[in-house]
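Reader: I'm new to this one. Can you walk me through it in short answers?
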Amino acid sequence: MEKDDISFKAEKYYFNYRVAAYIEYKNKILLHRPYETSYWNLVGGRVKYGEDTKTAIIRELKEEINFDVEDRKFKTLLFQENFFGNEKVDCHELLVVYHIKVNSKDEITQQDEFTLGEIVFKWFDKEDVKNY
């Protein structure tokens, strides 16, 4: 979490404002997870104070996978409110998901699975995504 992220902790509670991308290519969806976990998520990150969600997803995709989406058409797919947690903290999250289609010219489509830093990225069949 960085200083300008719209995330904060209050006693046992944690709030997070996040954007993510439903990145689609040939009936597949790109998911990612930290190397040390087994939980797959849509690619994205936290919104910063004063930043709109479209700017946030453009920035996050550039930071995480060096993918430029500024000149592409993409649309809001979902606005979701999530509640989850564990024995240490309860989380409240607001999530905005954008739908982005990519093509074979995009570098991220060249491998079924790849690692950048400590993050694993993998293309999943759309039908299988609900299992993750």
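Reader: Where is H32 found?
Author: H32 sits in strand 3, residues 28-34. Strands here are DSSP runs of E with at least two residues, helices are runs of H or I with at least four, and both are numbered from the N terminus. This is a predicted model, where local features need pLDDT of at least 70, side-chain atom pairs count only at pLDDT 80 or more, and totals for chains, interfaces and linings use all residues. Residues are numbered from 1 along each chain as its sequence is written, and side-chain values use heavy atoms, with hydrogens and water left out.

Reader: Is H32 buried or exposed?
Author: H32 counts as buried because its relative accessibility is 8%. Buried means under 20% relative accessible area, exposed over 50%, and partly exposed in between, with a 1.4 Å probe and protein chains only.

Reader: What is H32 in contact with?
Author: Leaving aside neighbours within four places in sequence, the contacts of H32 include R18, Y39, W40, E64 and F121. Contact means heavy atoms within 4.5 Å.

Reader: And how far is H32 from H99?
Author: Their C-alpha atoms are separated by 16 Å. Along the chain, H32 and H99 are 67 residues apart.

Reader: Switching to Y22. Where is that?
Author: Y22 is in strand 2. Beyond its neighbours within four places in sequence, Y22 is in contact with I29, L42, L77, V97, Y98, H99, I100 and K126. From Y22 to R72 it is 14 Å, C-alpha to C-alpha, and 50 residues in sequence.

Reader: Zoom out. How many helices and strands does the protein have?
Author: One helix and eight strands. From the N terminus on, the order is β-β-β-β-α-β-β-β-β.

Reader: Which residues touch the most other members in the largest nonpolar core?
Author: I23, L30, L61, I65 and I108 do, in a core of 25 residues. Strand 2 (13-25), helix 1 (53-65), strand 6 (90-101) and strand 8 (119-125) each supply at least two residues of this core. A nonpolar core is a set of buried Ala, Val, Leu, Ile, Met, Phe, Trp, Tyr and Cys residues joined through side-chain atoms within 4.5 Å.

Reader: What does I65 touch?
Author: I23, L30, I108, F114, L116 and F121, not counting residues up to four places away in sequence.

Reader: Last topic, the whole protein. What share of residues counts as buried?
Author: 42% of the 132 residues. Residues 24 or more positions apart account for 60% of the contacts with a separation of 6 or more.

Reader: What box do the C-alpha atoms fill?
Author: Roughly 45 × 30 × 25 Å, taken along the principal axes.
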